[in-house]
Amino acid sequence: MANAISRSSNPVVFGANATLLFDLIPFLPDHVKIIDLTHSFVPEAMNPVEVRSLPYLNRLTKRIVIHENVKLDYQKLYQQAGITDQKWLDHIEVVHNKVGFPRWNIQHKVYAVPPLKVLFVGRNSPEKRIGLIGKIAHILRNDAIQFTLVGGRVADSVAEKHRPYIDFAGEITAPAQLTELYKSHHVILLTSRREGLPLVLMEGMAHGAVPVTTRVGGIGYHVLHLRNGCLIENHEDEEQIVQEMVVCLRQLSEQPEFLKTLGKAAQDSIFQEFSDEQFTQKWQNLLLHP
């Protein structure tokens with residue numbers, strides 16, 4: 001493989017969260033450009049790819065991360081490894097993901113409440129803390145607020161006594177169906193303990209759904225509390241997270257004009273920061289002119 005790459009004209013090798021890239025590097029001559037992409041650190045896995053990369057920093061033409069928080073994770077990793085030269089941090093470039101669809105006319109969105117329609121889209125995994133959504137729905141069971149959860153077997157993570165207050169839509173993968181859900185719901189809800197920069201959050205915001213989310217991963221760089229969403233600190237006490245989200249959801253359900261203002265601000269921020277044009281231009285420059 002290394003020989004084939006070396007014989008190519010102006011070769012560029014691109015790796016994304018792959019230890020294979022660093023197995024290959026010792027066999028690549030200096031004229032080969034190498035680009036590494038990291039979406040997020042996974043603490044439970046002890047960062048095998050990121051640690052594996054440390055001896056080869058001088059061979060990386062560019063290291064790309066998808067949000068600012070990953071750059072901070074690398075800064076901590078470098079410090080732990082005794083790598084203190086600022087040039088290695090300057091070597092890291094943030095390239096956000098893109099919103100892969102045209103801007104929807106938010107004037108078509110109906111913000112008339114009640115009921116406030118709240119949507120979760122995601123997989124059933126521990127870091128999503130879906131059980132917290134069940135607790136929130138149970139507390140708000142007498143309010144005019146509807147909860148819809150999309151994802152395979154997500155009901156398994158909701159306590160049985162909380163399930164009557166939630167509509168479980170099952171797994172939906174068709175983009176058109178998901179788009180309609182984003183359009184028809186007022187809030188996109190995330191209770192995660194860990195995230196990178198979730199695509200579902202961006203997609204919901206792009207369709208005027210107000211993000212109500214914990215401050216984890218790169219989310220805090222793009223969701224500004226009471227300016228384009230509700231940003232809840234990732235408290236160690238999960239009951240505090242539940243109570244603060246309850247307060248936020250009640251405020252949105254009782255103030256439709258404020259809900260509309262935040263929804264429009266959410267959409268504006270997404271298309272300012274994650275446009276298809278910016279994404280395409282940056283990656284073309286990186287891959288064609290590294």
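**View 1. Contacts across the whole chain in the predicted model.** In this predicted model, residues 24 or more positions apart account for 66% of the protein's contacts with a separation of 6 or more. The protein has eleven helices and ten strands, and its C-alpha trace spans about 65 × 40 × 35 Å along the principal axes. Of its 290 residues, 48% count as buried, while the accessible surface comes to about 14200 Å², with 51% of that area belonging to carbon and sulfur atoms. The side chains include 30 positive and 31 negative ones, and the centres of these two sets lie 2 Å apart.

**View 2. Helix H4 and the elements packed against its buried residues.** Helix H4 covers residues 68-80, and its 13 residues reach 19 Å from the first C-alpha to the last, close to the 18 Å expected at 1.5 Å a residue. Its buried residues are Val70, Tyr74, Leu77 and Tyr78. Seen down the axis of H4, these buried residues fall within an arc of 100°, and they therefore line one face of the helix. An α-helix has 3.6 residues a turn, so residues three or four places apart point the same way. The buried residues of H4 pack against strand S2 (33-38), helix H3 (48-53), strand S3 (62-65), helix H5 (86-90) and strand S4 (92-94). On the face of H4 turned away from this buried side are the exposed residues Gln79 and Gln80, and just after the helix Gly82 takes a positive phi of about 80°.

View 3. Asp36 has its place in strand S2, one of the elements against which the buried residues of H4 pack. Its relative accessibility is 2%, and because buried means under 20%, Asp36 counts as buried. When neighbours within four places in sequence are left aside, Asp36 is in contact with Gly15, Leu21, Phe22, Leu60, Lys62, Arg63, Ile64 and Tyr74. Among these contacts, Tyr74 is also one of the buried residues of H4.

**View 4. Val95 and Asn97 in the loop between S4 and S5.** Val95 has its place in the loop between S4 and strand S5 (116-121), and Asn97 lies in the loop between S4 and S5 as well. Val95 is buried, with a relative accessible area of 2%, whereas Asn97, at 24% relative accessibility, counts as partly exposed. Leaving aside neighbours within four places in sequence, Val95 is in contact with Ile64, Val65, Ile66, Lys282, Trp283 and Leu286. The C-alpha atoms of Asn97 and Glu203, which are 106 residues apart along the chain, are separated by 11 Å.

View 5. Arg153 has a positive phi of about 60° although it is not a glycine, and its position is in the loop between strand S6 (145-150) and strand S7 (167-170). With a relative accessibility of 63%, Arg153 counts as exposed. Leu226 likewise has a positive phi of about 60° without being a glycine, and it lies in the loop between strand S9 (210-214) and strand S10 (230-232). Leu226 is partly exposed, its relative accessible area being 37%.

**View 6. Helix H6 and its packing partners.** The buried residues of helix H6 (residues 130-139) are Ile130, Leu132, Ile133, Gly134, Ile136 and Ala137. These buried residues pack against S5, S6, strand S8 (187-190) and helix H9 (238-254).

How values were computed: Residues numbered from 1 in each chain as written. Predicted model: local features only at pLDDT ≥ 70, side-chain atom pairs only at ≥ 80, totals over all residues. Heavy atoms only, no water. Helix = DSSP H or I, 4+ residues; strand = E, 2+ residues; numbered from the N terminus. Buried < 20%, exposed > 50% of the residue type's maximum accessible area, 1.4 Å probe, protein only. Contact = heavy atoms within 4.5 Å. Areas by Shrake-Rupley, 256 points an atom, 1.4 Å probe, with all protein chains shown as cover. Lys, Arg positive; Asp, Glu negative; His and termini not counted. Charge placed at Lys NZ, Arg CZ, Asp CG, Glu CD. Expected span 1.5 Å × (residues − 1). Arc of directions from axis to C-beta.
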